Amino acid sequence: MKVVYERPKTLEKVTNHYCPGCHHGILHALIAEVLDEMGLAEKAVGVAPVGCAVLAYNYLDIDWIEAPHGRAVAIATGIKLAHPDVLVFTYQGDGDAAAIGLAETMYGAIRGVNVTTFLYNNAIYGMTGGQMAPTTLLGMKTTTSPYGRDAKREGYPLKMAETIALQGGTAFSARTALFNPKMIMETKKRIRQVFELQMKGAGFTFLEVVGTCPTNWGMSPVDATKFAETEMVKTFPLGVYKELKEVE
Amino acid sequence: MSERILMKGNEAVGEAAVRAGCRLYFGYPITPASEIAEYMAYRLPQVGGTFVQAESEVSAVNMVYGAAAAGKYAMTASSSPGFSLMQEAISYMAGAEVPAVLVNVVRGGPGLGDIQPAQSDYFQMTKGGGHGDYRLLVFAPYTIQEVVNLMPTAYELAFKYRNPVVLALDGLIGQMMEAVEFTDFRNPDEIPIPEWAVSGKFRHGGKKNINTSLDLIPEKLEAHNWKLQKKYSEIEEKETRFSYFGVDNPETLVVAYGTVARVAMSALKKLLNAGRSIGILRPITLWPFPKQALAEKARHAKRIVVLEMSSGQMIEDVKLSVFDPNKQYEFYGHPGGVTFTPTEIEEYLVRG
């Protein structure tokens, strides 16, 4: 018998704390698969955020550091300069990377820091119980936008993949999702691409991944996945926004 | 000792760090500390190091956090308002036991204050300026030479105890020029990457390292806190430094550090020549504070005079150390960036 699929070696055999229907687990598994396939787990350092993925260090069998809220790219910058031979990635939520840590994330792109940032965008602060995020959709009700996000009052959703793509030091910026097998395979392909670019020293690589938060959206896992596919992508169109073809 | 060079205090900080083996500097401009960043921007590329101008002090100190957690000698420097911004990461580093050397060229506050020398960050540096129970090793050199001499020690102790170390300067030491002798270069390639470093599993035997200050189980976090406290006790026991100048059992004991101690020294010399029973105890480490030495020197003293360029911060530690309500404690200080003159101190000590 031929093994066609098995649990990624780098994915720790522990029960994770994510809610049913949350897509964080898929993204973790994809990163683990790519690290295995590329043989990079020994050389990888992950930077965990503050937010739902704060315990990511328990789930992937690589070196990890847990950053102060929003500071992941600054931490990653220090690690990469200390050891240019390691693969450094940050794994952040929308609040962490796009609100409190917006300056750090932007300067990763402006400075062209040779690290990778994964932004899990589920339009909400999950860990703290469902408050409005910089990426909360217009009209979306959260605990701190109880009447629905109104552009006049709370401003507009921040489009990170597009913004990062505009910066000179960005080697790659794209938005993918995880709501069906095709998109999962697409995300995996992009994870491999950003890791390859980093190992070539291309500059800042950024992958925004549209995910769900069934618990704080108040939806079943199936409905949440459907909402990501039909509603989230209207504000956050999927696609590649910048892609360096040749690395000097 | 190799060369004797006339150098500005802030530049000497940079050169001393380079010689101690630091090759990574992350900075953000602020008066009166900017020359440290400028010097490193010029100097580090010459020795294969890297200088990064961060987008804020918050980012700069987190870059240090990353580099130090990866096991390297890294540094940032700032001045009071910028140092306030770094407190979050400093608390994390203390919790996650990350070693780093941080320089605070203190200026007048509160708020934006001014850009003149001050000592009003004493509480912030010695009492844990950020959240949680933690301590930093705080050195307060009083000459540029002492800054240079303490630099290798600062790195050694930061890594020995896995704790941030602060060099507490003030605007005067940072900005003035003096002749200094430098130590020889330490080759950074010979500084081993510690086993605990977040540097890729292949560097430490294939077992993963996690660097975090988080532990959601209160009993485990309590145990970690007690472990930290045990470490701080060891630091208190082994690393307390001070100097004393004056008669053995002075009637008047002066306590001052940094620039104030240096100015006071001129006054003390004159008063000692005039036959007065006086002495000055100068803490070299603000934390750990030289409690025992101070209590011993204060045993026969009637007056204990604390001089600070603040409205009175260290005096609290002086009182706690002497712990005798029958002593006369006097505070004489200048908050807001005003520097003492020797004559002024002499007159105050004579006048009483």
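Predicted model: local features only at pLDDT ≥ 70, side-chain atom pairs only at ≥ 80, totals over all residues.
Residues are numbered from 1 along each chain as its sequence is written, and chains are lettered from A and ligands numbered from 1 in the order in which they are written.

**View 1. Where chain B meets chain A.** Here 27 residues of chain A are in contact with 33 residues of chain B (contact: C-beta atoms, placed from the backbone, within 7 Å). On the chain B side, the elements giving two or more residues are strand E3 (50–53), helix H3 (57–69), helix H5 (87–96) and strand E9 (210–211). Helices (H or I, at least four residues) and strands (E, at least two) are DSSP runs, numbered from the N terminus. Look for H3(B), which gives the most, with eight residues. By class, this side of chain B has 15 nonpolar, 13 polar and five charged residues. Ala, Val, Leu, Ile, Met, Phe, Trp, Tyr, Cys and Pro count as nonpolar, Asp, Glu, Lys and Arg as charged, and the others, Gly among them, as polar.

**View 2. A strand pair between the chains.** Strand E2 (residues 63–66) of chain A and E9(B) run parallel, joined by two bridges (strands pair if DSSP finds at least two bridges between them).

**View 3. Helix H7 of chain A and its neighbours.** H7(A) (residues 181–199) has 19 residues and reaches 27 Å from its first C-alpha to its last, close to the 27 Å expected at 1.5 Å a residue (expected span: 1.5 Å times one less than the number of residues). Its buried residues include A:Ile191, A:Val194, A:Phe195 and A:Leu197, along with A:Lys188 and A:Arg190 (buried: 20 or more other C-beta atoms within 10 Å of the residue's own, with C-beta atoms placed from the backbone). The buried residues of H7(A) pack against elements of chain A including helix H1 (24–38) and strand E3 (87–93). Just after the helix, A:Gly201 takes a positive phi of about 75 degrees.

**View 4. The two domains of chain B.** The domain assignment gives domain 1 (4–203 + 225–238) and domain 2 (244–351); such bounds come from an automatic or database assignment. Their centres, taken over C-alpha atoms, are separated by 27 Å. The contact takes 27 residues from domain 1 and 22 residues from domain 2.

Definitions and conventions: Contact = placed C-beta atoms within 7 Å. Buried ≥ 20, exposed ≤ 12 C-beta atoms within 10 Å, placed from the backbone.
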